[in-house]
Amino acid sequence: MSGQLNGRFVRNAWYVAAWSSELGRSLFSRRILGEPVVMFRTTDGTPVAFVDRCPHKLAPLSRGELVGDLLQCGYHGMQYDSSGKCVRVPGQPPIPPAARLRKFALFEKYNAVWLWAGDPAAADTSRIIDIPQHGKPGWGLVDGQYLHFPTSYLNLTDNLVDPAHTSYVHKRTIGNSGGEDVPVKVEHDEGHIVASRWVTNAEPVPIMKTYGGFKGNIDRWQYYHLHLPSTSYVDFGAVDTGGELTERRRREDSAPSPTIFSLRKPQARRTISGFTCAIMRSALPRSMPILRASTGRRSRRIASFSRPSRSSRKRPACANT
Ligand code: FES
Ligand SMILES: [Fe+2]
């Protein structure tokens with residue numbers, strides 16, 4: 001993929017920095033790719049993000065305040081405009097040219113604020129993942145969820161292009177023995193990997209038994225998409241067994257099927273925060289188990305699935321139930 005590695009992270013890439021609802025007229029700080037970032041909205045609603053560090057004496061700007069659209073440092077009152085340029089140094093009329101904040105490019109899509117961590121001039125919004133069902137009639141949406149994992153983001157990235165584990169880890173929800181011996185096909189193009197398989201003429205998995213309304217065996221698909229470096233998109237569902245295993249049947253003939261969309265943000269070297277949402281046929285109840293996996297209480301239990309280890313890269317991590 002294009003982009004450059006800076007330390008352990010790909011900088012020239014889009015990461016979800018926040019849900020849109022998290023940003024307002026208060027200063028909001030979050031650690032992204034090992035760096036503190038301060039975010040807020042200007043008076044016209046535009047989201048803005050800077051490195052959360054005042055160039056004067058490195059005070060966190062998120063401890064300061066907004067004066068209109070100016071960000072005022074809480075230590076000595078220097079003020080920065082929404083481009084990051086310093087416009088006031090109290091008690092010192094000349095403003096040093098180096099008094100400027102590093103600004104990140106942001107873009108809002110899917111109720112999320114996406115942050116380009118590299119050179120703002122290279123920020124290309126067409127590289128943000130495409131979720132064709134988002135906002136379409138007949139599809140429901142549950143979003144605003146947030147999970148925190150004490151592990152390297154690479155573990156979770158690996159987990160979400162690995163449909164084979166569902167036969168063993170998720171026997172109570174999205175897996176069963178029908179998938180044990182079904183190989184996974186892996187394809188890739190520029191910055192995109194798809195791991196997929198169809199499990200045919202098999203007993204429905206537990207959530208499909210409960211919510212799918214199937215009378216007999218099913219043909220079930222799992223398509224796990226990874227958009228490098230850390231955005232994933234899981235599409236799974238089922239149809240009555242016996243027809244063609246085609247894209248059209250996946251889209252049109254399927255029983256209610258959820259699409260889980262996981263937006264992950266490496267926070268620091270050994271932790272990751274996942275922004276998750278589920279898009280599903282509107283017939284599905286919002287309380288179905290796969291969605292409960294994204295609640296705070298459940299997220300703590302998922303996080304504890306990662307056993308403490310000296311090497312965080314060896315820890316297991318799993319984002320589904
Ligand atoms: S540290 Fe920000 S104005 Fe001094
Ligand atoms: Fe899983």
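1. What percentage of the contacts in the protein chain with a separation of 6 or more is accounted for by residues 24 or more positions apart? The share is 53%, a contact being a pair of residues whose C-beta atoms, placed from the backbone, lie within 7 Å.

2. The model is predicted: local features need pLDDT of at least 70, side-chain atom pairs count only at pLDDT 80 or more, and totals for chains, interfaces and linings use all residues. Residues are numbered from 1 along each chain as its sequence is written, while chains are lettered from A and ligands numbered from 1 in the order in which they are written.

3. The protein chain contains six helices and 19 strands (DSSP runs numbered from the N terminus: helices H or I, at least four residues; strands E, at least two). Of its 321 residues, 37% are buried (20 or more other C-beta atoms within 10 Å of the residue's own; exposed, 12 or fewer; partly exposed, in between; C-beta atoms placed from the backbone).

4. An open, antiparallel sheet is built from six strands in the order 3-12-11-6-5-4, where pairing requires at least two DSSP bridges between two strands. Strand 3 (14–19) and strand 4 are at the edges; each has a single partner strand, so one side of each lacks a neighbour in the sheet.

5. Within this sheet, strand 11 (residues 103–109) pairs with strand 12 (residues 112–116) over five bridges, in the antiparallel sense. Glu108 lies opposite Val113 of strand 12.

6. Phe28 belongs to strand 4 (residues 28–32). Phe28 is classed as partly exposed because it has 19 C-beta neighbours inside 10 Å. Beyond its neighbours within four places in sequence, Phe28 contacts Ala18, Glu22, Leu23, Met39, Phe40 and Ser62. The C-alpha atoms of Phe28 and Met39 are 5.1 Å apart, with the two residues eleven apart in sequence.

Note on methods: Two residues are in contact if their C-beta atoms, placed from the backbone, lie within 7 Å.
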